[in-house]
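Have a look at the sequence and the structure below, then read on.

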Amino acid sequence: MNRLLDLLLRRLVRAGDLKLIDARGEPHQYGDGAGVQVVARIADRRLERRLLLDPHLALGEGYMNGQLRTEGGQVYDLLALLARNTQQRPAPTWT
């Protein structure tokens with residue numbers, strides 16, 4: 001996984017349970033483990049870079065293009081987890 005994306009997610013996702021499987025098939029765990037686990041898979045390494053440059057647009061486009069899939073929970077669960085965490089800790093200004 002892209003190191004900057006990993007760092008961003010570690011800083012951003014503090015509450016909840018997010019398991020993100022990168023394009024190489026390696027799992028990464030984020031959050032405190034509370035609640036229902038959300039599992040998402042990134043199927044394309046290009047999406048990892050795009051998520052860094054414009055996360056709001058890349059997340060939706062990646063899902064619509066099949067480059068981002070939810071395997072545990074639904075896309076709504078992923079969005080709720082991310083929204084809950086960004087309300088508590090806004091994303092860095094460079095995103």
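In this predicted model, the protein exposes about 5,700 Å². Carbon and sulfur atoms supply 52% of that area. As for charge, the protein has 14 positive and 11 negative charges, and their mean positions are 4 Å apart.

How does the radius of gyration fit with a compact globule, and why? For 95 residues, such a globule would have a value near 12 Å; the protein has 12 Å, so the two agree. The C-alpha trace spans about 30 × 30 × 20 Å along its principal axes.

Now for the fold. Four helices and four strands make up the list of elements, and from the N terminus on they run α-β-β-β-α-α-β-α. Take the contacts between residues at least 6 apart in sequence: 44% of them join residues at least 24 apart.

Next, the inside. Of the 95 residues, 38% count as buried. The largest nonpolar core has 19 residues. Leu5, Val13, Leu18, Leu20, Tyr30, Ile42 and Leu78 have the most contacts inside this core. The elements in the table each supply at least two residues of the core.

| Element | Residues |
|---|---|
| Helix 1 | 3-12 |
| Strand 1 | 17-21 |
| Strand 3 | 38-42 |
| Helix 2 | 45-53 |
| Helix 4 | 75-88 |

Which residues does Leu5 touch, not counting residues up to four places away in sequence? Leu5 touches Ile42, Glu48, Leu51 and Leu52. Of these, Ile42 is, like Leu5, among the residues with the most contacts inside the core.

Technical notes: Residues numbered from 1 in each chain as written. Predicted model: local features only at pLDDT ≥ 70, side-chain atom pairs only at ≥ 80, totals over all residues. Heavy atoms only, no water. Rg over C-alpha atoms; globule rule 2.2 N^0.38 Å. Buried < 20%, exposed > 50% of the residue type's maximum accessible area, 1.4 Å probe, protein only. Contact = heavy atoms within 4.5 Å. Areas by Shrake-Rupley, 256 points an atom, 1.4 Å probe, with all protein chains shown as cover. Lys, Arg positive; Asp, Glu negative; His and termini not counted. Charge placed at Lys NZ, Arg CZ, Asp CG, Glu CD. Core = buried A, V, L, I, M, F, W, Y, C linked by side-chain atoms within 4.5 Å.
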